[in-house]
Amino acid sequence: MTDGLRMTVLGSGYLGITHAASMASLGFEVLGLDTDAGRVDQLNAGRLPIHEPGLEELLCAGLEAGRLRFTTSYPEAAAFGDVHFICTGTPQQPGSDRADLSQVHGCVAALAPLLDRPCLVVGKSTVPVGTARRLAAELSQACPGAELAWNPEFLREGSAVADTLAPDRIVAGVTSGRAEQILRQVYARPLAGGAVFIVTSLETAELAKAAANAFLATKISFINAMAEICETAGGDVRDLAQILGADPRIGPAFLRAGLGYGGGCLPKDIRAFVARAEELGAGASLAFLREVDAINLRRRARTADLVHELAGGNLAGVPVCVLGAAFKPGSDDVRDSPALDVAQILTGMGARATVYDPAALDNARRVRPGLSYAPTLAGAAQGAHVVLLLTEWPEFTALTPGRLGGIVARRNIIDARNALDPAPWQEAGWEYRALGVAADAAARARLDASP
Ligand code: UDX
């Protein structure tokens, strides 16, 4: 069954669309499934419901080549696929740190009874350890020829296409040689391109994704904890990160201090990882991740405090320009967006915050309808007393102090992503502040007063 494999991709979020379009571009016949008929129509018409560089082109190429289409029909998917990829979302449960697995369970429950021939069901969603083993039992009970593998996805938003077509590693959590061989065929092209193929158990494959995200979040919170120390003691976290990153044992990636991490993965995945460890009686092992989360959230409050400070200790009615709504540049995703949280905190403190983002305004308006938005950068900056750079889009990092200086009412800027060169701003008469860089006088006074 490994010749001319036909695939279904269940779920059409970031992961599902990217995986479906990528597999079609590798030459496979792919049927995407989503229960949302509107979304399926949109995708079949070649319209991408998310902002992801290069993905719409890949989607259209697959549709035009006749190798990719989307359906709402489980019977059609069951009849079509030799390999079924589970790519549904696992968001944080409201009011809990646990992952909401209803979409994963829902799609297996819908698919399993319809399977009537040997096939491989491959989980790509991020799930708590132990989920795959339970799904495997459910599947084999419904159809003896149906087998489960776990194959986590490590793609980043903004570079999802490249990460999917040329991943650095492919994790195959399998319970048989047959499953391993099918996954080797699925990923033959990336493997030929040098991707590392790691065969392991279902549990290790599930843990791989949680552990990778926990490590990345920890690295970011580590440098942000150093930023807090720098702010207190008078250091410069950018220099510190450069010094640490030059050590090959540490490496420079994910040491950009600033407003911290957000998005649809890192925040909820580390919380779900801790919650799962606690359920298993191993909560102490991951207790440090609660501190990682706390450091990350403190950066948002600290940014709002800096605005308060720059505004002279009173934010009532103060116009603040908020540059950024997406959780990172290159994406229109506003899930757990640090930028929107800061805008919300400032609004709560009485400021007149106006948000601008080159791609995420529609999504931001939907999830935070109470905030004020401007359709252009100039509109948000007009008359501002403080400008905040919260998402490092190229449009913002290319700003010049002269151009912005002609629009704002007061020359105060907070570079919450350490994305600007301070010198030209300071030379142009701006009060420039960044996270992780102390205002010299305050830090010196603290050092002098310390024992
Ligand atoms: C992440 C993982 O990188 C990816 O492997 C996994 O599959 C999904 O989760 P993503 O959420 O797309 O990917 O974004 P990522 O590039 O990891 O950035 C996450 C957040 O961390 C962003 O808010 C970003 O601004 C922030 N970040 C990143 C920092 O604050 N500092 C850094 O040095 C790097």
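Colleague: Which residue of β12 does Val322 stand opposite?

Modeller: In this predicted model, β9 (residues 319-323) is joined by four bridges to strand β12 (residues 386-389), and the two run parallel. Towards the end of that pairing, the bridge partner of Leu323 in β12 is Leu389. For Val322, the residue that stands opposite in β12 is Leu388.

Colleague: And what is the bridge partner of Val322 in β10?

Modeller: Strand β10 (residues 352-356) pairs with β9 in the parallel sense, over five bridges. For Val322, the bridge partner in β10 is Val355.

Colleague: Is β9 largely enclosed or open, and how many of its residues are buried?

Modeller: Both faces of β9 are covered, with Pro319, Cys321 and Leu323 buried on one side and Val320 and Val322 buried on the other. The strand is largely enclosed by the rest of the structure, because the number of its residues that are buried is five of the five.

Colleague: Which residues of β12 point the other way from Val386 and Leu388?

Modeller: β12 also pairs with strand β13 (residues 412-415), in the parallel sense and over three bridges, and there the bridge partner of Leu388 is Ile414. Val386 and Leu388 point one way from β12 and are buried, and the residues that point the other way, likewise buried, are Val387 and Leu389.

Colleague: In what order do the six strands of the open sheet come, and which stand at the edges?

Modeller: The six strands form an open sheet with parallel pairing, in the order β11-β10-β9-β12-β13-β14. Each edge strand has a single partner strand, so one side of each is left without a neighbour in the sheet; these strands are β11 (372-373) and β14 (431-434).

Colleague: Which helix makes a β-α-β unit with β9 and β10, and what is its handedness?

Modeller: β9 and β10 are parallel partners, and the unit they make with a helix takes in residues 338-348, which form α14. The handedness of this β-α-β unit of β9, α14 and β10 is right-handed.

Colleague: Turning to the ligand, what percentage of its exposed area does the protein bury?

Modeller: The ligand is surrounded by 20 residues, the closest being Phe154, Leu155, Glu157, Arg256 and Lys328. Oxygen atoms of the ligand lie 2.7 Å from a backbone N or O atom of Glu157, 3.0 Å from a backbone N or O atom of Phe327 and 3.4 Å from a polar side-chain atom of Lys209. Taken alone the ligand exposes 670 Å², and the part of this that the protein buries is 94%.

Colleague: Which helix gives the most residues to the shell around the ligand?

Modeller: By class, the shell has 10 nonpolar, three polar and seven charged residues. The helix that gives the most, with four residues, spans residues 202-233 and is α10.

Colleague: Is Asp163 buried or exposed, and which side chain does a polar contact join to that of Asp163?

Modeller: Asp163 is placed in helix α7 (residues 160-165). Because its relative accessibility is 13%, under the 20% cut-off, Asp163 counts as buried. A polar contact of 2.8 Å joins the side chain of Asp163 to that of Arg156.

Technical notes:
Residues are numbered from 1 along each chain as its sequence is written. This is a predicted model: local features need pLDDT of at least 70, side-chain atom pairs count only at pLDDT 80 or more; totals for chains, interfaces and linings use all residues. Side-chain values use heavy atoms; hydrogens and water are left out. A residue is near a molecule or strand if one of its heavy atoms lies within 4 Å of it. A polar contact is a pair of N or O atoms within 3.5 Å; within protein, one must be able to donate a hydrogen and the other to accept it, and residues adjacent in sequence count only if both atoms are side-chain atoms. Accessible areas come from the Shrake-Rupley method with a 1.4 Å probe; for residues, only the protein chains shown count as cover. Ala, Val, Leu, Ile, Met, Phe, Trp, Tyr, Cys and Pro count as nonpolar, Asp, Glu, Lys and Arg as charged, and the others, Gly among them, as polar. Buried means under 20% relative accessible area, exposed over 50%, partly exposed in between (1.4 Å probe, protein chains only). Two strands pair if DSSP finds at least two bridges between them. A crossover is right-handed if, with the strands pointing away from the viewer, the path from the first strand over the helix to the second runs clockwise.
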